[in-house]
Structure formats: C-alpha cells, structure tokens
Amino acid sequence: MAAFPQTFTSTVSHWQATNRGPDALYGHGKTDSLPTGVVDYVIIGAGLSGASLAYHLSRPGVCDDKRIVVLEGKDVASGATGRNGGHIAPYSFASLSGFTRPLEAGGSGLTMDDALDIMKMEVRNLDLVTEIVMREKWDVDLWRGEKLEVVDTLEEKEVMDTSYEVWIEALKTRRDVPDWDWVTDEAEANRVSRHPKAIAFSRGKAGSVHSHKLCTAFMKSALASGRVDLFSWCPVQSIDKGPNEGWNVQCHERGVVRANEVIVCTNGYTRNLFKNHPISDHLSPYRGHATQVTPTLPYSGPGALKHTLCIENGPYLIFTPSSGWVFGVGYADIIRQKAGTHDDVMGATDDGIVPEGIKQWLASYCKEEFEGWGEEAPGEGAQRFWSGIQCASRDRLPLVGQVPGSPGLEEAVGVWEPSDPVMT
Ligand SMILES: Cc1cc2nc3c(=O)[nH]c(=O)nc-3n(C[C@H](O)[C@H](O)[C@H](O)COP(=O)(O)OP(=O)(O)OC[C@H]3O[C@@H](n4cnc5c(N)ncnc54)[C@H](O)[C@@H]3O)c2cc1C
C-alpha cells in the first residue's frame, strides 16, 4: 500500500471539518526535534487506538516515571478514526454466526462462549467510553441510546430468527439474560425505523460520538500528564532491533527514536511496517465510505430520528446533535447494490477518493428509501463525502499483543466489522 508520505490528498470528513479550532492538535510537534535518549514506550499512530493507549498509560499509578512518545504519520485522527461513522454500536446476536463459523468457512472459529464474551466486551466498551467522557467532562457530542438493526427481506429475517434462537439458548447455559430485543411486527418495524421496507428489527444499547473530538481529547489529556510527547507528520519507515535491548524506530529525515517498547497502532497501514512478515499476509487494508446528510424538515425537530440505524441493503446511520446525520455503507451492501466493485473496497489504500457509484448511492439513499423525506432544499441531503482506510484480518479478529518472537514489540491492529467479508 501507499506508504507515508502519501502521494494523494485525503478527503476531509465531517468530523475533521468540524474540529478545526485552536484547541485541536493539528501539526502538534511537527517541527520539534525527536528525543535523543532511550524512551520507555513509542506508540506509532495517533488514531483512537494510539491516543487512548497514550491516555491510559499516562494515568497516575499506571506506569509513573515512564516516558511515552507518540509518532503520527500525519495528524491526530487523520486515519480511520477521524473518518468513521461515529457509531459506538455493540455487536448484536447477528455477529455470532461469523465468530463461530470455522476458519475454513470464513469465520473466526471461536467457541460460542468466546463469541458471547465478545458481545459482552462490546457493551463494556460503550459503558467505558461513557464513563471516561463523563468523568473527564469532555465535550465530544456523546449520545447514548439504542441502535436498531433493520431487516427488510424474508431471507435475512430467517437468518436473524435463527441467530436469535441460537443466542437465547446459549445464554441459558450461562444463566445470562438477553440484552437485545428481536421484534418481528412489521408495522412496528416500519414505524420506528421510518423505512417502508422494514419487516423486523433488533434493538440494543448503542451510542455515538464526535470521533475526531474524542480522539483529540484522549491525546490532549495524555499530553497534559507531562509524560507524553506527540510528534505529528512523523511517518515511521521501519522498526529495527537495537544493538542491545530495545528498538530503533526510523523516522526518515526526522531521525531515529530509541525505545524499550514499541506499540504499533497503525491499523490499515500496518503492512508498511511488516514487509515480508506473516502479519502482512494476515492483514489487508480496505476502504470505508461515508457521507454527512442534512435531513429535510420532516426529519428535523420533532420528526428527528430517535435511534441509530443499521439497515439491511442500506447504510448504518447516526444523528449528530447539530450537524445532521452521518452514514456509511459497508462492503456487502456496496456489492449487493452494485454501487461499487470489490476493488473499490478491498485492498484500497487511497482515502482521497469516493468512487462515483458509491457517492451516487450515498447521495440518493435518503430520498429513495426514507418515508416522507420530501424534496431537498439547496443545502439539504448529502453534503460531504469521504473515505477512510480500515484493516481486515483473515479471521475477523484484531491482533492485540506481542508480535510473536519480538519481545518489546506490540501491536493493536486489525479492527473491523464482523459483517464484512473476510479478506481475500
Ligand atoms: C468510513 C468509515 C466508517 C466507520 N464507521 C465506524 C463506526 O461507525 N463505528 C466504529 O466503531 N468504527 C467505524 N469505523 C472503523 C473505525 O474508524 C476504526 O476501527 C478505528 O478508527 C481504528 O482506529 P485505529 O487507531 O486503530 O486506526 P486509525 O484511526 O486508522 O489510526 C492509525 C494511525 O496510524 C497512523 N500511521 C499509519 N502508519 C504510520 C506510520 N508508518 N508512521 C506513523 N503513523 C502512522 C495513521 O496516520 C493513523 O493516524 C469506520 C471506518 C471508516 C473508514
């Protein structure tokens, strides 16, 4: 994939465009000299993974007296984090079949118990984000409510019926209680989703957040600890074993940082740092696409949506407090709707474009699919389009922990949607 510095100009997302004030961290440490001694931790990448790691490591009592350096190829949240849908959407029972299917059949090959643990972890993550944002009093547009997974074909309803039954049975063996509803009343599905084709829906806890503001808040709190330094526009070219213990992190013309431990949080860009390494066979970049929509009047004020949505053959969608909706479309729907091709998504590394077919699909969706959407006045409807690079893994699971055989080299990469297909 295209290594840093990139040869294209990235699109600008809604989140990046609406966090441009003096408090944001653009260009932070861009011209500063890199540290000369050996630092304790180097984190590569300042997306949500790297920024939240810097935040957690710099909390009092975690690793006091340790020095942490964050090296970011562009700016904080310039990758997928600043380009996403803003949806904090725990997996529902619909994810279980992907997790439990054997590896050879494109699943994760997990036991049902492990898959249920992942579902629980997803909810804990939502609660943890909420707890941190409330405790720190961050102004990051956090919303808590419910997500609806809206089904509009009988085939998908049958799949969901089965997944729900399997899930309920599995919960019994753990003496656990369901935290998702599965509603098969067509009129109710139509009413709550305002999507005329809806025939059923699942409903569970979810939230949304301004992803660029959240990532910036993590990083600013880390910097405020006095133990973290951030160097923006400092692309890492390679990570080499040092002569003694530790690692040499090569940053092109900016120099070398020596570190006891390196944590790679580069997600969709990870292959660049692991050329000819098995990790590069396990991971693949892929592109996501999204838009910001200003709703028409029937969907504003009292008519505004009350839930976030994931619609079969449609987008996933959140509403923001004051900037309308943000919605994105996944791989499966792009292919099913013939909005784009496999190559528009899988393996794509250029976040400077939104392919025309995908853009048209995003632009027309609300007009065509939401009941009573009405005529769009100039300035209403889809206003801004962008893309971002994510990271697929062969088993649908992230790689978190030590790189095998390389003590002191850790990674947290490969974060993606279980409903998307396994990389090819
Ligand atoms: C269109 C779209 C919609 C999405 N919607 C959602 C959603 O609604 N909800 C959800 O939970 N997830 C969503 N995601 C996925 C989510 O954004 C990612 O899983 C998450 O942001 C990954 O965070 P990260 O920090 O691991 O990676 P990134 O945010 O990609 O951060 C990696 C960072 O590493 C830097 N970097 C890379 N290589 C180097 C290098 N060699 N040297 C220095 N720095 C480097 C990059 O510049 C980047 O800033 C979406 C993604 C996209 C693209």
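Mentor: The model is predicted. Start with Ser406, which counts as buried because its relative accessibility is 15%, and buried means under 20%.

Trainee: Where in the chain is Ser406 placed?

Mentor: Ser406 is in the loop between strand S16 (399-402) and strand S17 (409-413). Check its spatial neighbours as well as its sequence position. Ser406 and Lys241 are 165 residues apart in sequence, yet their C-alpha atoms are 8.9 Å apart in space.

Trainee: What do S16 and S17 form, and how many residues are between them?

Mentor: S16 and S17 form a hairpin, with six residues between them. Gly405 in the turn has a positive phi of about 80 degrees. The two strands pair in the antiparallel sense, over four bridges. Gly401 stands opposite Glu411 in S17.

Trainee: Which other strand is joined to S17, and in which sense, parallel or antiparallel?

Mentor: Strand S10 (residues 256-264) runs parallel to S17, and three bridges join them.

Trainee: How do I read the side chains along S17?

Mentor: General idea: in a regular strand the side chains alternate between the two faces of the sheet. Now the case here. Leu409, Glu411 and Val413 point to one face of S17 and are buried.

Trainee: Now the aromatic rings. How many aromatic pairs are there?

Mentor: The count comes to 18 aromatic pairs. A pair of aromatic rings is described by the distance of the centres and the angle of the planes.

Trainee: Which parts of the chain does the pair of Tyr299 and Trp373 tie together?

Mentor: Tyr299 lies in the loop between strand S11 (283-294) and strand S12 (308-311). Trp373 lies in the loop between helix H11 (356-369) and strand S15 (381-393). The pair therefore ties together parts that are 74 residues apart in sequence. Tyr299 and Trp373 are buried.

Trainee: Why is the pair of Trp325 and Phe370 edge-to-face?

Mentor: The planes of Trp325 and Phe370 are at 70 degrees, so the pair is edge-to-face; the cut-off is over 60. Their ring centres are 5.3 Å apart. Trp325 is in strand S14 (residues 325-329), and Phe370 is in the loop between H11 and S15. The two residues are 45 apart, so read this as a link between distant parts of the chain. Both Trp325 and Phe370 are buried.

Trainee: Which residues form one aromatic cluster?

Mentor: Tyr299, Trp325, Phe327, Trp361, Tyr365, Phe370 and Trp373 form one cluster.

Trainee: Next, cavities. How many are found, and what is the volume of the largest cavity?

Mentor: A search of the whole structure finds three cavities of 30 Å³ or more. The largest has a volume of about 60 Å³. Helix H4 (112-136) and helix H5 (154-173) each give two or more residues to its lining. H4 gives the largest share, four residues. The lining residues divide into seven nonpolar, no polar and two charged. Among them are Tyr91, Met119, Lys120, Trp167 and Asp179.

Trainee: What feature does UniProt place at residues 40-412?

Mentor: The unreviewed UniProt entry gives "domain: FAD dependent oxidoreductase" there. In the model, the end C-alpha atoms of residues 40-412 lie 18 Å apart. The span is 30% helix and 27% strand.

Definitions and conventions. Residues are numbered from 1 along each chain as its sequence is written. Side-chain values use heavy atoms; hydrogens and water are left out. UniProt positions are given in the numbering used here, feature names are shortened, and annotations may be inferred rather than shown by experiment. On a 1 Å grid over the protein atoms alone, a cavity is a set of points where a 1.4 Å probe fits but cannot get out, and a pocket is an open set with protein on both sides within 12 Å along at least five of seven lines; lining residues have an atom within 4 Å of a point. Grid points are joined across faces, edges and corners, and a volume is the space filled by probe spheres set on the points. Ala, Val, Leu, Ile, Met, Phe, Trp, Tyr, Cys and Pro count as nonpolar, Asp, Glu, Lys and Arg as charged, and the others, Gly among them, as polar. Buried means under 20% relative accessible area, exposed over 50%, partly exposed in between (1.4 Å probe, protein chains only). Two strands pair if DSSP finds at least two bridges between them. Rings of Phe, Tyr and Trp (its six-membered ring) pair if their centres lie within 6.5 Å; planes under 30 degrees apart count as stacked, over 60 as edge-to-face and the rest as tilted.
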